[in-house]
Amino acid sequence: MNGILITGGTIIDQTGERRADVRIVDGTIDEVGEDLSAAEGERVLDASDCIVSPGFVDLHTHLREPGREEAETIETGSRAAAKGGYTCVVAMPNTDPTQDSVSVVEFVRRQGEAAGLCDVRPSGSITVGRQGRQLSPLAELADAGVHLFTDDGDGVQDPLLMRRALEYAADLGIVLAQHCEVRRLTEGAVMHEGRCCAELGLPGWPSIAEDLMVFRDIELVRLVGAPLHILHLSTARSVELVRAAKADGLPVTAEATPHHFSLTDELLAGYNALYKVNPPLRTMADVEAVRIGLADGTIDAIATDHAPHAPETKEQPLDQAPPGMLGLETALGVSLASLDMPIAAIVAALSWKPAAIAGVADRHGRPVAVSEPANLTVFDPAAEWQVVPAQLASKSRNTPFVGVPLEGRVKHTVLRGNPVVIDGKAQK
Amino acid sequence: MKHFRSIDEAGPQAIRRLLDLADHMAEVNRRPNPKVPALRGKTVCNVFFEDSTRTRLSFETAAKRLSADTMNFAVSSSSVNKGESLRDTIETIAAMGVDAFVIRHKSSGVPWQVAQWTDASVINAGDGWHSHPTQALLDCYTIRTSLGRSESFEGLRIAIVGDIKHSRVARSDVRAFTMLGADVTLVAPRTLLPPVTDVPVVTTLDDIIEDLDVIYLLRMQHERMTESLVPSLREYTTRFGLTAERAARLPEHALIMHPGPMNRGVEMAVDPSELPGSVITQQVTNGIAVRMAVLFDLLGSGSNLEENE
């Protein structure tokens, strides 16, 4: 393998910020220093005015394969991830068939390896078929390398089953992740319950449905002691609950999506299903609370909840259209544009903090230092741009960020020493 | 005006214009031959994805009295049952040459989606819980003619009683009545109210009934009971139904209105034909005039009803 030299950039990682070039040989960082000169045959990646950081890690990606390949495949989703600066994504288990057996998670992993654009780490479902009735073979799946388990899209409703899952998981070194929604309170819901839904005549998804489940699961963690990751926090109250749980020293982590810290429910006024998502877009007060939660560390990670949907599904009446938005290719741009945080803190929430939660911290989110694996992202933090749906690498087009000014764009992505994205273009 | 999809979108100026225009249409309807050539050559397609008797017949009659051609689309016998998407259905009908779609759908927002897929005008005949603007228009017209309020509803006290939360009629009526200056009060238990309301709410009908100029009763659907929104229809009637006792406490001039279909013995616990203030059948009659006004306003090429270029 020929070497790579990343020149002219500023490194940001968990050890701080410094001006340095980075030489990569055989997938490993070989040299870090100022003004390195290119060796013969070495490929030079220009990083002038750019940040060089550990690769991003997404805790929450729907790749749709197997089952809904018309919306996304592992290859197209991996390409979108690489263009967004991600070197690793956790693939959500709501595939068809569900990722509840070793054979399905192995299939997903192999498809990820074949695409070769991003490290695809399958999650597993907590319950068989995500039906909320019977535990998936958590130990078998853990042995097969699955670290994060979730019934995402359908939280585990039954408190007894959730307690048992936490107890059983406690000895396996795995993490359960919960989509917090008391389903009985959100039946038929289309959007956040509040002024907008009242005016639009749409059934509301009340904040209390999230708050109650966050509260229940935090108390179960207090009882059992097993770690829990809370997916896509969207309400001011649930941010408070997580803050209090962390103050009590409980092993709780949380993520927030770019759309929940940048967009509000008022966007539904035109009945455009692009803005339908679960949990729903909420009010400005909730957006502010999520931003503060990220800034003070209550919320550990920025996660995309990248959820591709084919155009015809989003053209259905709002109550029938599936919830979900694209996110991989816009996460950095939305984060830098919306969050009043130091770049290093944003990179932490995109890279090494989620890497730790995903159980991939041995390969991803590592310091940019000699002998470390070369999974790196190079981005221009000042680049101003707007998303053009037709230019997205994702197979679907359901981005809610059309017309939104974005700040910060990925230039190069290096996966295991391979430049999978150069100057914003996927290399395969 | 290109579309007529909600009261807010139309705005106060258009609402007043349509009400004035409805006077002319009512005059046409009183003629021995109630038909004018105003929309000859125009095609109006009724696309009802949800069952309806009065609204569909009312629109069809309105279109015919203006000499428009009408097409009727019934979902039960259509390719929607073969899995055709809403978009494909609309684009297919539009390709046949349609000047206006009259749309009813159980999902809020469909008229806005449909307008993206056709150049034709879109008239909302009821979308989900959201909006039913021609109903609001006919309700305004009925109040205006019955109470002689052609200028404004300033000072008029109107109570809307019942299942506000799930009612497109209530949402549109609140907008239209307040736009014309009325003081609107909602009467319902919290379970039947939307999460946020812009007008005053009372939970005891008896507290205000003696001060009303209009009492507007909404249809109470039987399934609301199984959803624990009210304990029983009997209890609903006791608290919110128009009983003979309550009707007797209404001011003499007060109007009693209902969008239909009525649940006798529930919200209407008295025979409305025995109530002098009931204008429920006038509402139906007026529906044709206001729908003629809407069709003419959207599709007519001039101000003269009697001619067609």
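Predicted model: local features only at pLDDT ≥ 70, side-chain atom pairs only at ≥ 80, totals over all residues.
Residues are numbered from 1 along each chain as its sequence is written, and chains are lettered from A in the order in which they are written.

**Neighbours of E8(B)**

- Strand E5 (residues 157-161) of chain B pairs with E8(B) in the parallel sense over four bridges, where pairing requires that DSSP finds at least two bridges between the strands, and B:Ala159 stands opposite B:Ile215.
- E8(B) also pairs in the parallel sense with strand E10 (residues 255-257) of chain B, over three bridges, and here B:Val214 stands opposite B:Leu255.

**Chain B as a whole**

- The secondary structure of chain B comes to 10 helices and 11 strands, taken as DSSP runs numbered from the N terminus (helices H or I of at least four residues, strands E of at least two).
- Of the 309 residues of chain B, 47% count as buried, and the C-alpha atoms fill a box of roughly 55 × 45 × 30 Å along the principal axes.
- Among contacts in chain B between residues at least 6 apart in sequence, 75% join residues at least 24 apart, a contact being a pair whose C-beta atoms, placed from the backbone, lie within 7 Å.

**Chain B against chain A**

- In the contact between the chains, 19 residues of chain B meet 18 residues of chain A.
- On the chain B side, helix H3 (86-95), helix H4 (110-115) and helix H6 (168-179) each give two or more residues, and H4(B) gives the most, with three.

**Domains of chain A**

- An automatic or database domain assignment divides chain A into domain 1 (4-51 + 371-426) and domain 2 (55-358), whose centres, taken over C-alpha atoms, are separated by 26 Å.
- The contact between these domains takes 32 residues from domain 1 of chain A and 42 residues from domain 2 of chain A.
- Strand E18 (376-385), strand E19 (406-415) and strand E20 (418-422) of chain A each give two or more residues to the domain 1 side, and E19(A) gives the most, with seven.

Methods. Contact = placed C-beta atoms within 7 Å. Buried ≥ 20, exposed ≤ 12 C-beta atoms within 10 Å, placed from the backbone.
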